[in-house]
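Here's a quick briefing to read alongside the sequence and the 3D view. Take a look at the picture first, then come back for the notes.

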Amino acid sequence: MTNVLLEKKGHIAVATINRPKALNALNSQVLEDLNEMVEQVKADEEIYALVLTGAGEKAFVAGADIGEMSSLTKAEGESFGKKGNDVFRKLETLPIPTIAAVNGFALGGGCELAMSCDIRLCADSAVFGQPEAGLGITPGFGGTQRLARLVGPGMAKQMIYTAKNIKADEALRIGLVNAIYPVEELMAAAEKMAATIAKNAPIAVRACKKAINDGLQVDMDQAIVVEEKLFGSCFETADQKEGMSAFLDKRKHEPYQNK
Ligand code: CAA
């Protein structure tokens, strides 16, 4: 992988989209490396949380590669959309928590990539948008779906129909990001949050992610059953026994074992 770098730091990993000369634009090669990165993270039981960011000073990801898309046929366009959607869905359903550290432009496919993560933190210099309608296309890597679910259909439609970018403070106001940091503090903040997550019982954290994600796909009667099953499954873990024993013994729990 040259277009996506993966670095492990204890129980967290940092993945960096690495095509800074093109503002990390997503061409087929970057999508393939992103897919490979997600596979590697999924297979590594020692990684409990993932931070995703972009290389360089300017961009998280400035979108899907316009050069590659410019001459696509209808069938090729659909297939390129599927390629991105499949990878982003794989990222979204990665069992561990994911944090997008948005260090600059997050446009089109970049905004869509950030929305495929569980949590979005951004730099004060970050810019978000779905400029596709201005280029003659729709968002193609899940933007019409995830933006409407995250910020509500009204604001999503405004952003997508007008194709106008928004700055970090507006992204915070509409709930597209959780927090804004000075650009030089962003990665430390994202890694600190990932490390905080990684200190909690990993099986329980993964069950929380699954409960929230799966529960949102069904009605409330079914959703609470999703939670009950996952809640119950935690009582088979050594980490639950240690966590609750430590509380009752009024001591700090031992580091969790992911068991
Ligand atoms: N695709 C391909 N190349 C891109 C790119 C993209 N999405 N975004 C930037 N680049 C390239 C530029 O072509 C340029 O390359 P050269 O140096 O070889 O000319 C390099 O990155 C630097 O970009 P700029 O010179 O344009 O930098 P800037 O600071 O003047 O502007 C910007 C930055 C406002 C982000 C501008 O680059 C821009 O508007 N980029 C396109 C944003 C966009 O429309 N994204 C949506 C793409 S469509 C999509 O993503 C569809 C989907 O949902 C799947």
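Start with isoleucine 66: one of its backbone N or O atoms sits 2.9 Å from a nitrogen atom of the ligand. Keep in mind that this is a predicted model. The notes below go through the ligand and then a pair of helices.

**Contacts with the ligand**
- Alanine 62 also brings a backbone N or O atom to 2.9 Å from a nitrogen atom of the ligand.
- With glutamate 112, a polar side-chain atom is involved, and it lies 2.7 Å from an oxygen atom of the ligand.
- On its own the ligand would expose 980 Å², and the protein buries 61% of that.

**The shell around the ligand**
- There are 23 residues around the ligand, and the ones that come nearest are Lys58, Ala64, Gly109, Glu112 and Glu132.
- Sorted by class, you get 14 nonpolar, 4 polar and 5 charged residues in this shell.
- At least two shell residues come from each of α2 (66-69), β6 (105-107) and α4 (109-115).

**Helices α9 and α10**
- Helix α9 covers residues 202-215 and helix α10 covers residues 220-234; their axes come within 9 Å and cross at roughly 170°.
- Because angles over 145 degrees count as roughly antiparallel, α9 is roughly antiparallel to α10.

Methods: Residues are numbered from 1 along each chain as its sequence is written. This is a predicted model: local features need pLDDT of at least 70, side-chain atom pairs count only at pLDDT 80 or more; totals for chains, interfaces and linings use all residues. Side-chain values use heavy atoms; hydrogens and water are left out. Axes are lines fitted to C-alpha atoms, for helices over the stretch in contact, and angles run from 0 to 180 degrees between N-to-C directions. Helices (H or I, at least four residues) and strands (E, at least two) are DSSP runs, numbered from the N terminus. Angles under 35 degrees count as roughly parallel, over 145 as roughly antiparallel, 65 to 115 as roughly perpendicular and the rest as oblique. A residue is near a molecule or strand if one of its heavy atoms lies within 4 Å of it. A polar contact is a pair of N or O atoms within 3.5 Å; within protein, one must be able to donate a hydrogen and the other to accept it, and residues adjacent in sequence count only if both atoms are side-chain atoms. Accessible areas come from the Shrake-Rupley method with a 1.4 Å probe; for residues, only the protein chains shown count as cover. Ala, Val, Leu, Ile, Met, Phe, Trp, Tyr, Cys and Pro count as nonpolar, Asp, Glu, Lys and Arg as charged, and the others, Gly among them, as polar.
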